[in-house]
Amino acid sequence: MTALSEFRPVMLVTGALVSALGVSMLLPALVDLAADNDDWMIFASSAMVTTLFGLALFIANRGVPRGLSTRQAMLMTVISWLALVAFGALPFHWSGIVPSYTDAFFESMSGLTTTGATVITGLDTAPPGLLFWRGLLQWLGGLGIIVMAIAVLPMLQIGGMQLFKAEAFDTAEKILPRATQISTSITLVFIGITGVCAVAYMAVGMAADDAVIHAMTTVATGGFSTKDASIGHFANSGVEWIAILFMILGSIPFILYVQMLQGRFRPILADDQVKAFFVFLGGSILTGWMMAHFGGHHLGLEGLRHAAFNVVSIATGTGYSSTDYGLWGSHAVAFFFIIMFVGGCAGSTSCGIKIFRFQVFFEAVRQHIAQVMYPHGVFRARFNGKPIEGRVIASVMSFFFLFMTSFVTLAILLRLSGLDAITSLSAAGTALSNVGPGLGDIIGPAGNFQPLDDGQKWLLSAGMLLGRLELFTVLVLLLPRFWKS
């Protein structure tokens with residue numbers, strides 16, 4: 001086993017993050033206090049317990065070296081995420097809005113991983129503090145995954161993310177002196193975009209509290225709503241178009257926004273990943289529009305709006321719904337099932353496999369075909385104009401294999417637990433891709449995950465963590481070799 005001293009830096013970071021989460025619980029406490037709702041005491045108690053635990057962990061491990069080895073970084077990522085989810089579940093459990101800690105843990109995991117799957121019914125009449133806490137969890141999770149994608153995953157060489165290692169640190173040298181400053185700049189950009197989104201929602205008629213919460217979950221591509229009917233509750237085309245815009249903005253690498261603020265607009269216009277993302281969205285929206293229009297479900301521009309909203313929502317992993325697209329026919333069900341795996345760009349809040357991995361995959365296939373046709377030629381797979389190293393291609397291929405293996409395994413386990421085939425497949429897909437709604441009558445866009453039993457919810461919680469932390473980070477902990485010195 002790993003020496004106890006090797007755990008201390010991991011516990012130090014985990015303690016700091018848990019303390020920060022505890023302090024953030026005071027915000028929904030203030031919301032409930034302002035609304036004269038007694039649930040403020042639940043958040044105050046949760047904040048006290050969480051903050052004291054985090055501080056105790058931090059103080060007990062002070063004085064350890066600040067650097068983290070690769071093994072410690074992987075361990076820190078998983079342990080800190082689990083700790084945040086476990087404590088983030090306390091307000092849900094103690095408030096009684098869910099019947100068990102299993103449900104509370106599921107809701108918290110769905111929030112911090114920006115999945116958007118929910119077990120809570122009666123959102124329209126839920127206490128304001130709890131609704132705000134759900135939105136804040138997704139907002140913090142979205143910000144956390146951006147910082148992790150820039151600072152941690154490239155170093156760990158997870159699933160091809162090393163492709164962005166040089167880019168991230170080159171950017172740090174050109175724009176700002178240190179990587180920590182880049183994280184600060186991204187946080188400010190994240191706050192700014194969220195604020196603009198909230199103002200835009202209010203401008204088209206959404207109430208201020210709904211606007212703030214939906215802004216947090218839109219930019220974080222999380223999908224938690226304050227209404228059981230999600231965005232469809234508002235029946236407002238303006239709300240839907242604003243959501244489409246900001247879901248897309250949340251799915252673009254945030255480092256490019258920092259560059260734009262520094263006066264450099266060329267990177268966002270020339271980025272291969274961003275261009276491929278828009279091409280994919282355009283083709284998918286057109287396909288969805290044809291299904292909605294020619295199927296007679298939503299005609300003309302109304303069909304375009306519903307197709308654009310639901311395609312962007314599912315493809316970016318947000319998970320909002322404006323209409324039950326499951327009623328568009330079996331071909332539509334298959335279509336939305338496929339695009340839920342894609343995701344947005346690396347370095348954004350979006351989930352799924354991510355666009356750049358498909359680009360690397362197709363570049364590798366193109367290179368191989370060219371090599372077969374012209375054996376003496378020299379061909380290189382490229383990304384953003386730079387050659388892709390063989391180990392990056394191997395890492396991406398490994399990711400695809402592990403993703404599909406994890407998906408099939410999780411789907412089989414859910415099927416054996418008693419769920420029907422469509423629910424099992426879509427639940428496994430939506431958990432690993434961190435999308436939110438699945439397909440079928442139970443967990444489709446018109447349902448939620450409350451009817452599932454505890455075992456199924458724990459399986460899906462594990463799937464959400466696995467997908468959010470890019471598979472390797474979690475699965476490597478299961479290898480005996482990882483724990484050997």
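**Close-up views of a predicted model**

**Figure 1. Surroundings of Val474.** Beyond the residues up to four places away in sequence, Val474 touches Val78, Leu465, Leu466 and Leu469, contact being defined as heavy atoms within 4.5 Å. The model is predicted: local features need pLDDT of at least 70, side-chain atom pairs count only at pLDDT 80 or more, and totals for chains, interfaces and linings use all residues. Residues are numbered from 1 along each chain as its sequence is written, and side-chain values use heavy atoms, with hydrogens and water left out. Val474 belongs to helix α23 (residues 472-475); helices (H or I, at least four residues) and strands (E, at least two) are DSSP runs, numbered from the N terminus. With a relative accessible area of 17%, Val474 is buried. The classes are buried (under 20% relative accessible area), exposed (over 50%) and partly exposed (in between), for a 1.4 Å probe and protein chains only. Val474 and Trp94 are 380 residues apart along the chain, and a distance of 29 Å separates their C-alpha atoms.

**Figure 2. The nonpolar surface patch.** Leu27, Leu30, Leu33, Trp40 and Met41 make a nonpolar surface patch of about 470 Å². Two or more residues of this patch come from each of the elements α2 (26-34) and α3 (40-60). Helix α2 gives the most, with three residues. Leu33 is placed in helix α2 and is partly exposed, its relative accessible area being 46%. Patches are made of residues with over 30% relative accessible area and no salt bridge; like charges are joined within 9 Å, and nonpolar side chains (Val, Leu, Ile, Met, Phe, Trp, Tyr) within 5 Å. Accessible areas come from the Shrake-Rupley method with a 1.4 Å probe, and for residues only the protein chains shown count as cover.

**Figure 3. The largest nonpolar core around Phe254.** The largest nonpolar core has 136 residues, of which Tyr201 and Phe254 touch the most other members. Helix α7 (residues 128-151) supplies the largest share of this core, twelve residues. Such a core is a set of buried Ala, Val, Leu, Ile, Met, Phe, Trp, Tyr and Cys residues joined through side-chain atoms within 4.5 Å. Apart from neighbours within four places in sequence, the contacts of Phe254 are Ile146, Ile186, Val189, Phe190, Ile193, Val219, Leu249, Gly347, Ser348 and Thr349.

Figure 4. The structure holds nine salt bridges, each a side-chain nitrogen of Lys or Arg within 4 Å of a carboxyl oxygen of Asp or Glu. In one of them, the side chains of Lys457 and Asp103 meet at 2.7 Å, N to O. Because Lys457 lies in helix α22 (residues 454-468) and Asp103 in helix α6 (residues 101-112), this pair ties together parts that are 354 residues apart in sequence. Lys457 is buried at 2% relative accessibility, and Asp103 is buried at 1%. Arg134 forms a salt bridge with Glu107, their closest N and O atoms lying 3.0 Å apart. Arg134 is in helix α7 and Glu107 in helix α6, so the pair links parts 27 residues apart in sequence. Arg134 is buried, with a relative accessible area of 2%; Glu107 is buried at 0%.

Figure 5. Asp272 forms a salt bridge with Lys275, with 3.9 Å between the closest N and O atoms. Both residues lie in helix α15 (residues 272-294), three residues apart, about one turn of the helix. Asp272 is partly exposed at 25% relative accessibility, and Lys275 is partly exposed at 42%.

Figure 6. Lys354 is placed in the loop between α17 (330-339) and α18 (355-373) and counts as buried at 4% relative accessibility. The Lys354 side chain makes a polar contact of 3.1 Å with the side chain of Glu470. A polar contact is a pair of N or O atoms within 3.5 Å; within protein, one must be able to donate a hydrogen and the other to accept it, and residues adjacent in sequence count only if both atoms are side-chain atoms. With neighbours within four places in sequence left aside, Lys354 is in contact with Val342, Gly343, Gly344, Cys345, Ala346, Arg468 and Glu470.

**Figure 7. Surroundings of Thr115.** Thr115 lies in the loop between α6 and α7 and is buried at 1% relative accessibility. Its contacts, neighbours within four places in sequence aside, include Ser110, Gln138, Gly222, Gly317, Thr318 and Met464. Thr430, Asn434, Val435 and Gly436 are also among the contacts of Thr115.
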